[in-house]
Amino acid sequence: MIKFENVSITIDGKQILKNITCTINTGDFIVIVGPNGAGKSTLFDMISGKRIPTTGTILLDDTDITHLNEQQRATVISRLFQNPQLNGVASMTVAQNLALSNYKSKTVSLLNGITKFPTHLMTELDKLNLGSPKILNTPMKDLSGGQRQLLAFIMATILPPRLFMLDEPTAALDPQSATKLLQFAIKFINEHSLTTLLITHDPELALAIGTKIWVLENGQITKQFDTRDTVTLSASDLIGHIDYKKLMA
Amino acid sequence: MLSEWLIIQGIVERGLIFSISVMAIYITSRIIRFDDLSVEGSFGLGGALMALLLTHNMTWLLALALITIAGACAGLATGLLHTKLKLNNLISGIVVTTALFSINLKIAGSNMVLGGKTTLFNIIPGVINMKIVILLPAICALLFIIKWFLNTECGFLFKAVGDNPQMLTNLGKNAHTYTIAALMLANGLTALAGAIFVQYVGYFSIWSSVGILIIALAGLILSETFGRTFGFSLLIGAILYQAIIAATFEFNVDPEWNKLITALLIIVMIALKKHSSIFTQRQS
Amino acid sequence: MKNKNIVISILIISAIVVAIIINKNRQKNDNSSAIIIGILQTASHPALDAAREGFVDTITKNSNGTINCIVYNAEGSMINAHAIAQRLHADDSIKAIYAIATPALQAIASVEKTKPILIAAVSNPHDLGIIHEKTNICGTTDMIDIPGTIKSIKTILPYVATIALIYNPSESNSVAQITIMDKELRRHSITPLHVGITTEIEVPQAIASALSKADALLAPTDNLVASAMPIISHLAHQAQKPLIASHNDAVKQGALMARGVDYYECGKATAGIALQVLCNGKKPYNLPIAPAKSDTIMINKQLSDELGITIAKISDTIMYINSNK
């Protein structure tokens with residue numbers, strides 16, 4: 001579905017991504033791992049349109065989208081940012097945010113802003129404990145980290161996108177909230193066969209979910225693995241690990 | 001008793017007219033979070049055009065409509081300077097205000113008298129000395145209309161663009177378009193305020209817009225004592241500031257101290273508001 | 001919590017209102033029999049201050065304590081002028097209002113239709129559309145005799161071929177005077193150059209540019225020029241070129257000459273009219289608004305010596321003034 005052909009980008013004189021050539025097929029669930037500074041978020045920026053490559057082409061179904069901006073690509077590509085501030089409107093309520101997310105791909109009208117509230121999602125919201133009137137009327141900034149990410153996920157997928165990108169969605173969450181989010185996410189992605197890209201620092205997570213793993217190091221995709229391969233891989237094969245025993249010795 | 005009422009009437013009338021620019025500055029500073037300094041230019045533009053159009057025998061209603069559009073153009077200019085030429089918010093507003101000073105001067109000269117033309121205040125014959133009777137319902141109606149608008153889908157997008165412009169991009173909408181739209185609304189309102197003011201005093205003076213920015217900002221800050229949402233608190237804040245200005249004249253000190261006294265009164269009001277909210281926080 | 005804020009705000013407002021009422025009652029008891037004239041001054045600068053002082057001094061001298069003046073200053077803000085005007089209109093103990101300069105007049109005229117309004121330092125009251133048959137407005141204007149002024153310039157400085165007209169285009173008084181000056185100058189075969197300034201900050205640059213292109217500078221009665229007189233006269237002196245002003249105080253501040261208005265005298269003259277209205281029961285509409293006399297030419301002695309100007313015999317009276325140094 002999405003093809004990168006020799007894509008490179010130089011930012012402030014430094015080459016962040018070097019000659020990336022890869023393909024994302026429909027239905028793939030690719031987990032991207034790599035050390036800090038490898039260029040993972042920049043790769044996401046290139047796919048979503050936040051940054052334009054210095055050289056190379058990006059194709060969506062054989063159409064050249066290299067020079068389409070983020071706003072234009074947003075109708076088919078959804079992104080969940082690492083910074084929670086960017087995933088919704090912090091000062092508006094949960095209900096207002098949900099209604100807002102439903103404006104995507106529709107012309108803006110002068111109806112009351114809350115009209116497009118996705119009532120069909122109420123059962124799902126109740127299951128996640130996000131459906132009570134109290135929560136619906138809470139400003140998004142007053143939710144807990146876990147609730148906020150869950151809500152952001154729902155908002156980004158109200159209209160299922162063709163490509164869904166998650167940038168370290170559980171990085172700031174405690175294990176319980178992370179589990180809750182991942183359970184919901186995986187179920188949703190499988191149910192809708194969403195083509196997904198997920199960035200994570202957690203190699204165990206990379207081995208546990210998804211259909212493919214890409215390792216990004218120094219601006220290049222150095223290794224690509226398939227689900228069959230993951231059975232024989234260990235975490236340290238991917239990106240190394242912290243040897244706690246050695247630390248304490 | 002009658003004389004006190006006249007002073008209060010004047011304070012309320014001026015406060016109501018300026019509350020329109022407080023509404024405008026609420027939209028720019030609090031909703032889209034764009035500090036727009038073109039308020040003074042737009043206020044003058046509204047006044048100059050009103051004087052020009054009335055003396056050329058246009059009806060006041062049509063003139064008000066055209067003036068709102070002209071103000072919107074000033075907002076468009078500020079918005080384009082910021083989004084297309086990447087000028088900083090404050091600079092965009094200053095550039096537009098500076099340009100408008102010359103434009104307003106060319107439109108109406110430094111001073112233009114309305115000369116008894118029919119204005120908004122002639123709607124109800126015989127109440128020419130009780131302009132508050134027309135102003136109060138008119139401004140309240142305007143307040144309700146804007147409040148309704150801010151609760152529509154477009155209004156929601158205005159709030160989003162101020163809080164997180166990325167949200168609009170995520171929705172496939174152009175954040176710049178909505179910023180400019182909000183600036184157009186705000187400047188249209190300010191031009192409207194300037195036009196009503198000229199009808200209120202009977203003449204246009206290029207100096208009438210001097211100090212409008214402070215009046216609008218002070219009105220906004222004072223209104224936050226009574227509430228942070230878009231509503232009657234904006235009217236009250238504007239009227240309260242006019243009351244403070246009037247109060248400084250009552251104290252009969254050397255007139256050169258007036259501005260200092262105004263500043264002190266504002267500080268007192270805000271300090272007491274902060275103190276009372278700390279007090280209630282401790283209680284709960 | 002919101003209610004507590006409102007309660008506190010109401011308490012503060014009530015406290016201020018009470019303070020004001022007590023203050024006013026105290027005032028009333030002090031001067032229960034005196035008539036009060038409310039003075040509304042547009043802004044603070046020497047010419048308007050002089051107009052105020054001339055008025056107050058004359059009233060005090062001639063009323064034997066029966067008339068008092070309260071001074072309000074709008075400090076250049078039209079909105080303040082309106083707030084003050086409302087106050088003056090509403091206060092019954094104020095029997096008449098003295099408006100200094102056009103913005104003050106317009107503000108008070110828009111609310112006050114019955115109490116007498118006395119004016120000074122207004123160039124063109126009739127152009128403001130506020131004077132009708134049974135008007136309550138009377139006083140003096142500061143309209144200078146422009147043809148006379150230009151004639152004096154031609155006589156005293158015959159070599160001058162180009163004159164820069166320095167004024168603030170946003171003051172309607174100035175624009176009116178400049179139009180007539182332009183016409184008169186051309187009539188006398190002098191080329192006028194228009195130099196507009198809108199803020200004090202622009203002054204040095206604009207004047208320097210004017211001095212490089214003209215033989216002399218001429219300014220009408222203009223509030224901004226009056227405020228900036230020290231710097232304008234300093235620059236003219238440096239360039240050794242004559243500066244001709246239209247108000248007499250300017251000569252003390254370094255202008256070469258002025259065949260103009262003495263604002264203290266204007267204040268005095270208006271006070272005289274005020275006394276006629278308040279003490280002799282004359283009606284404002286029966287007292288025509290007259291320009292102050294301006295046929296005396298004030299000349300700065302030091303400057304005229306320095307520039308080597310010999311004053312030929314002319315019909316106007318000449319008074320030599322020394323600079324304020």
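Predicted model: local features only at pLDDT ≥ 70, side-chain atom pairs only at ≥ 80, totals over all residues.
Student: How do you know what span is expected for H7(A)?

Tutor: The helix covers residues 175–192 of chain A, which is 18 residues. The expected span is 1.5 Å times one less than that number of residues, giving the 26 Å expected here. From first C-alpha to last, H7(A) reaches 25 Å, close to that value.

Student: Which residues of H7(A) are called buried, and why?

Tutor: They are A:Leu181, A:Ala185 and A:Ile189. Because they cover an arc of only 60° around the axis, they sit on the same side of H7(A).

Student: What is on the other side of H7(A)?

Tutor: There you find exposed residues: A:Pro175, A:Gln176, A:Gln183, A:Lys187, A:Asn190 and A:Glu191. The buried residues, for their part, are covered by elements including S3, helix H6 (145–156) and S8 of chain A.

Student: S3 and S8 are strands; in what order do they stand in their sheet?

Tutor: The sheet in chain A is open and has six strands, in the order S6-S7-S8-S3-S9-S10, with mixed pairing. From one strand to the next, the twist averages 20°.

Student: Why are S6(A) and S10(A) called edge strands?

Tutor: Strand S6 (77–80) and strand S10 (220–226) each pair on one side only. Two strands pair if there are at least two bridges between them. S6(A) and strand S7 (residues 163–167) of chain A are joined by four bridges, so they count as a pair, and they run parallel. Within this pair, A:Ser78 stands opposite A:Phe164.

Student: Which helix lies across S7(A)?

Tutor: Helix H1 (residues 40–48) of chain A does, running at about 155° to S7(A). H1(A) also lies across S3, S6, S8 and S9 of chain A.

Student: How do you know that chains A and B touch, and what about chains A and C?

Tutor: Residues are in contact if their C-beta atoms lie within 7 Å. By that test, 19 residues of chain B are in contact with 22 residues of chain A. No contact joins chain A and chain C, and their closest C-alpha atoms lie 19 Å apart. Of the two pairs of chains in contact, chains B and C share the most contacts.

Student: Which helix gives the largest share of the side of chain B that touches chain A?

Tutor: H6(B) does, with eight residues.

Student: What makes H6(B) mostly covered?

Tutor: Ten of its eleven residues are buried, including B:Phe156, B:Leu157 and B:Phe158.

Student: Which residues make up the two domains of chain C?

Tutor: The domain assignment gives domain 1 as 2–142 + 264–291 and domain 2 as 146–260 + 295–321. Their C-alpha centres lie 32 Å apart, while ten residues of domain 1 are in contact with ten residues of domain 2. Helix H2 (residues 46–63) of chain C supplies three residues, the largest share of the side of domain 1 that touches domain 2.

Definitions and conventions:
Residues numbered from 1 in each chain as written. Chains lettered and ligands numbered in written order. Helix = DSSP H or I, 4+ residues; strand = E, 2+ residues; numbered from the N terminus. Axes fitted to C-alpha atoms, helices over the stretch in contact; angles between N-to-C directions. Buried ≥ 20, exposed ≤ 12 C-beta atoms within 10 Å, placed from the backbone. Arc of directions from axis to C-beta. Domains from an automatic or database assignment.
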